[in-house]
Amino acid sequence: MGVRPPLGEFEQVVLLAVLRLEGAAYAVPVRREIEKRTRRSVTRGALYVTLERLEDKGYLESWLADPTPERGGRAKRFYRVRPAGLAALRQSWAALRSMWEGLEPFARKT
Amino acid sequence: MSGPPRLPIRLLETALGARGETVVGDLVEEWTDLRTARGARTADTWLWLQAVRVTARLGPSRLRARRDPWPHRQEDGMIEVLRSDVRYGARMLGRSPAFTAVAVLTLALGIGANTAIFSIVNTLLVKPLPLPESERLVMLWGRNAQNREIYFSYPAFELARAIPSIEVATAFVGQSVNLTGREEPIRVRGGFVSGDFFRFVRVEPAIGRGFIPGQDDVEGAERVCVVQHEAWQGLLGGDPAVLGKTLVLNNESFTVVGVMPPGFRFPFDEIEVWIPFHNWPPYRSNLSAGGVASRTNPLVGPMARLRPGATREQASAELATVLAAYAGQFPEAPEKSGEARPLREVLVGDARLPLLVLMAAVALVLLIACANVANLMLARAATRQRELATRVALGAGRARLVRQLLSETAVLWTAGCALGLVVGHWGLRALTATAPQELPGGLVARLDGTVVAYALALTALTAILFGLVPALRFSRPDVVEALKEGGRSDAGSALRTRLRGALVVSQMALAVVLLIGAGLLLRSLDALTRVSPGFEASGLLTMEYRLPANKYPQGPQQWEFHRQVAERVRALPGVRSATLMRALPFSGNGSRLYYDVPDKPAPPDNLPRTWFNEVDGATFSTMGIPLLRGRGFDDARDTADSPRVVVVSQRMADLSWPGQDPVGKTIRIMASPAVTAEVVGVVGDIKHSALDEVALPCVYAPQPQKPHIFNTLVVRTEGDPMSMAAAVRGAVWSVDRDQPVWKVRTQESLVETSTGFKRFVSRLLAVYAALALALAAVGIYGLMAYSVAQRTREIGVRMALGAHARDVLGLMLRDGLKLAALGVMVGLPAAFALTRLMRSMLFGTSPADPATFAAVAALLLAVAGVASYVPAWRATRVDPLAALRHD
């Protein structure tokens with residue numbers, strides 16, 4: 001496989017959130033997880049678009065779970081990070097880490 | 001607990017297609033959490049907001065855009081081109097957010113107002129009633145010798161139900177019933193119906209059975225009843241073993257044989273318990289007084305289900321034939337002819353015209369709103385002339401240009417429609433919350449599929465009307481002219497100005513029509529509230545009761561009960577006086593009987609009719625009805641054994657004994673049995689059911705001479721009437737602890753309620769007229785501001801040549817006022833033609849009321865003046881030097 005296009009920041013955040021939720025990842029908790037950790041608000045529309053795009057790129061896979069009553073009998077779409085997604089995350093992390101090399105004091109300041 | 005609002009969910013599902021399910025599921029899940037945490041209102045608003053945002057983000061075009069970064073390649077099909085046009089349109093609109101926001105908001109207001117009103121019109125005039133095949137349901141009316149609508153006597157009903165067009169007919173009377181044998185006696189609403197009733201409505205009880213014709217509805221049958229679902233839940237505690245239980249109704253035991261399914265609601269009288277017709281008290285008393293066979297007593301209001309394929313006209317014709325033959329055979333029968341009218345028409349009644357007027361009003365508002373948007377688009381077109389010319393120069397075909405301009409229109413109108421549905425949704429809620437009464441028949445107006453389809457159709461229609469013309473016109477720019485250095489000459493500007501002027505004139509004209517309509521209704525309302533009902537309505541507490549006929553079978557017993565009640569109530573502290581009336585004015589009760597005056601005889605089959613009311617000795621003084629001649633009643637003097645006497649109203653006196661003193665004259669009242677009585681007094685006229693009714697003849701008889709099981713207690717209190725309610729009710733129970741009383745209310749509230757719907761319609765129309773005026777003012781303001789901007793150079797030249805600020809102001813104002821005056825000149829005759837249609841809604845005001853017409857014309861000119869003044873004043877601030885350097 002050749003060089004992947006680099007992940008956008010929000011794409012990374014979404015992939016990491018899905019990874020963190022370990023099999024319990026559907027849009028609602030993913031959004032909450034991101035908001036909790038990054039303390040930034042996430043619009044639902046942007047999240048859905050990103051989830052679909054990551055799936056199109058082959059970084060995520062999804063499946064429908066059984067409908068539940070509190071959702072008016074509608075199914076949940078669960079997401080899981082595929083190996084390609086993991087690889088893309090690693091690549092991003094490596095790129096960032098190498099860019100930070102020697103600049104660690106800045107990361108800690110203020 | 002109700003579910004989430006349906007409309008935003010449907011929006012999402014439609015916009016997102018198959019992907020909608022999980023997204024909607026997520027939002028519903030969050031909505032549920034939010035509702036628990038912050039309440040339903042916040043949660044619903046949140047859901048609406050999210051629906052719009054997520055749809056905007058994820059809607060179909062968005063999704064494609066992501067997958068297809070090269071939207072307009074040669075091989076793309078129609079859909080692709082359309083998509084790119086729409087995207088282009090959205091982008092262009094996004095570039096001028098102020099224009100877009102104003103246009104979308106204006107459209108949303110117009111479409112929203114229409115959606116809200118149409119929801120009500122749809123429920124009342126379009127949608128079938130909530131009964132199976134309800135289009136076949138009719139009400140049967142008799143017609144008397146004066147061609148007035150009357151009920152049927154039982155023999156005439158038996159004839160009518162047998163005509164070939166009718167599949168099944170039922171008698172129906174809604175009347176309150178005393179339910180006793182419980183802790184407190186209560187009143188329930190009874191529906192007395194023939195055994196065929198359940199075949200008529202085509203709804204069977206969910207538990208048990210309905211009535212069986214020939215078994216349950218005959219004299220001497222076991223007494224049975226069917227209860228409504230809600231009554232089963234409430235009165236019987238939802239007991240699943242309800243069948244076979246008994247209810248004591250009007251002092252007799254009825255066995256419950258059925259419970260209607262939840263959601264079944266008969267659209268008349270909110271019935272709680274269904275009882276076979278022969279148990280209806282007047283039917284019974286008729287039996288004892290000579291049988292139901294009485295041909296002279298029209299008491300039955302029949303309803304019928306027509307046979308499939310039979311028309312209402314057929315039924316009316318058959319009814320007329322049968323009843324004419326019947327009247328020939330029995331001249332004393334009052335039914336000379338008859339007709340079948342759709343049940344819906346009976347239900348909606350007088351509300352039809354006001355509803356249609358409101359529909360017309362909101363349609364006008366929408367037209368004005370669209371004219372504003374078209375005007376804005378024309379103004380924009382001017383600034384885009386060069387852009388369009390450039391496109392043409394680069395080889396864009398005309399069709400392509402039209403399509404792009406149209407796609408802008410489409411995006412604008414679609415957004416307006418979407419937001420309009422939201423406005424309509426909240427508008428309908430506001431209407432429902434502020435309406436003085438429920439819709440007839442307990443119907444509930446909803447923003448359903450039909451309404452959405454209507455909004456879409458309205459959107460498409462106005463978009464074509466107001467979007468297509470400018471698009472066609474401006475797709476053919478004069479390329480050379482527009483691209484010339486400076487491009488200032490603005491090709492087509494003369495035509496555009498004329499077109500915009502015409503739009504403003506039509507807005508003004510439409511606003512005039514609406515304002516005059518609203519003005520006339522407000523003047524009528526004002527005139528109406530000045531009308532005195534003929535009695536002193538404030539400070540009166542009223543309540544009703546009906547004695548069980550089997551407990552108080554004789555007249556003297558009945559009167560004894562009434563007398564004791566009145567006596568005990570009068571003894572209460574805080575009570576100034578108390579009286580008894582069979583029919584309280586504005587309560588909907590009251591009987592109208594035929595009468596005959598020996599001094600002025602009428603042919604027996606063409607007797608006049610009068611209101612007839614049994615009252616006691618304290619009625620005229622308590623109600624404040626002035627005694628004009630002779631004497632009032634005296635309970636000690638006018639007793640069952642004394643000669644029969646009556647008091648007549650002024651109108652009755654004028655009709656029957658013009659120019660004479662009626663006191664001492666004789667009158668014969670065709671009650672059952674007929675009574676001949678001497679007139680002992682004359683009192684002032686009162687209104688019986690509406691402030692706008694003309695004075696009607698009325699005859700009062702003393703209750704001791706003609707007691708009845710039904711009575712209304714009227715109490716004049718010292719302070720707030722309602723504060724005495726419990727004490728007065730207690731006084732009734734001190735006479736008979738099993739006697740329920742109901743409809744505890746003030747006389748004043750009754751009079752007010754009678755004008756409630758008129759007030760509501762008038763105010764609503766006033767709101768729409770104000771909206772129309774505001775939109776029209778914005779329209780003329782926009783045109784004038786634009787005109788000033790266009791004419792900066794000209795104004796600069798004029799001022800450089802010595803024109804004063806005043807001259808410039810005058811010049812610009814004159815332009816604005818000229819348009820407004822033209823609008824008024826078109827609008828006044830249009831209003832004159834249209835307001836005649838609402839004549840029946842007016843009171844004390846002519847449809848061509850000159851004051852209203854003049855006031856509206858002046859108002860419009862004044863508003864137009866103010867709206868033009870601001871831009872005109874700005875014109876005077878033009879710096880001649882800067883203006884000449886312009887471009």
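Q: Two strands pair if DSSP finds at least two bridges between them. In which sense do strand β1 and β10(B) pair?

A: First, some reading rules. This is a predicted model, where local features need pLDDT of at least 70, side-chain atom pairs count only at pLDDT 80 or more, and totals for chains, interfaces and linings use all residues. Residues are numbered from 1 along each chain as its sequence is written, while chains are lettered from A and ligands numbered from 1 in the order in which they are written. Helices (H or I, at least four residues) and strands (E, at least two) are DSSP runs, numbered from the N terminus. Now the case. Strand β1 (residues 137-143) of chain B pairs with β10(B) in the antiparallel sense, over three bridges. Leu137(B) stands opposite Arg305(B) in β10(B).

Q: How many bridges join strand β3 of chain B to β10(B)?

A: Six bridges do, and strand β3 (residues 166-180) of chain B runs antiparallel to β10(B). Take one position in β10(B): Ala304(B) is the bridge partner of Ala169(B).

Q: Why is strand β10 of chain B described as largely enclosed?

A: Count neighbours. A residue is buried if 20 or more other C-beta atoms lie within 10 Å of its own, exposed if 12 or fewer, and partly exposed in between, with C-beta atoms placed from the backbone. In strand β10 (residues 301-306) of chain B, six of the six residues are buried, so the rest of the structure largely encloses it. Both faces are covered. One side of β10(B) holds Gly301(B), Met303(B) and Arg305(B). The other holds Pro302(B), Ala304(B) and Leu306(B).

Q: What does the secondary structure of chain B come to?

A: Chain B has 26 helices and 22 strands. Its C-alpha trace spans about 110 × 65 × 60 Å along the principal axes. Of its 887 residues, 44% count as buried. Contacts need a cut-off too: two residues are in contact if their C-beta atoms, placed from the backbone, lie within 7 Å. Take the contacts in chain B between residues at least 6 apart in sequence: 81% of them join residues at least 24 apart.

Q: What does the domain assignment of chain B give?

A: Domain bounds come from an automatic or database domain assignment. For chain B, they are domain 1 (1-67), domain 2 (77-128 + 351-491), domain 3 (145-335), domain 4 (496-531 + 753-885) and domain 5 (548-738). Over C-alpha atoms, the centres of domain 2 and domain 4 of chain B are 23 Å apart.

Q: How many residues of domain 2 of chain B are in contact with domain 4 of chain B?

A: There are 25, and they touch 32 residues of domain 4 of chain B. On the domain 2 side, α6 (97-126) and α13 (352-393) of chain B each give two or more residues. The largest share, 19 residues, comes from α13(B). Next, sort by class: Ala, Val, Leu, Ile, Met, Phe, Trp, Tyr, Cys and Pro count as nonpolar, Asp, Glu, Lys and Arg as charged, and the others, Gly among them, as polar. This side of domain 2 has 21 nonpolar, four polar and no charged residues.

Q: How many helices and strands are there in chain A?

A: Chain A has five helices and two strands. From the N terminus on, they run α-α-α-β-β-α-α. Of its 110 residues, 25% count as buried.

Q: How many residues of chain A are in contact with chain B?

A: 16 residues of chain A contact 18 residues of chain B. On the chain A side, α2 (27-38) and α3 (44-56) each give two or more residues. The largest share, six residues, is from α3(A). By class, this side of chain A has six nonpolar, three polar and seven charged residues.
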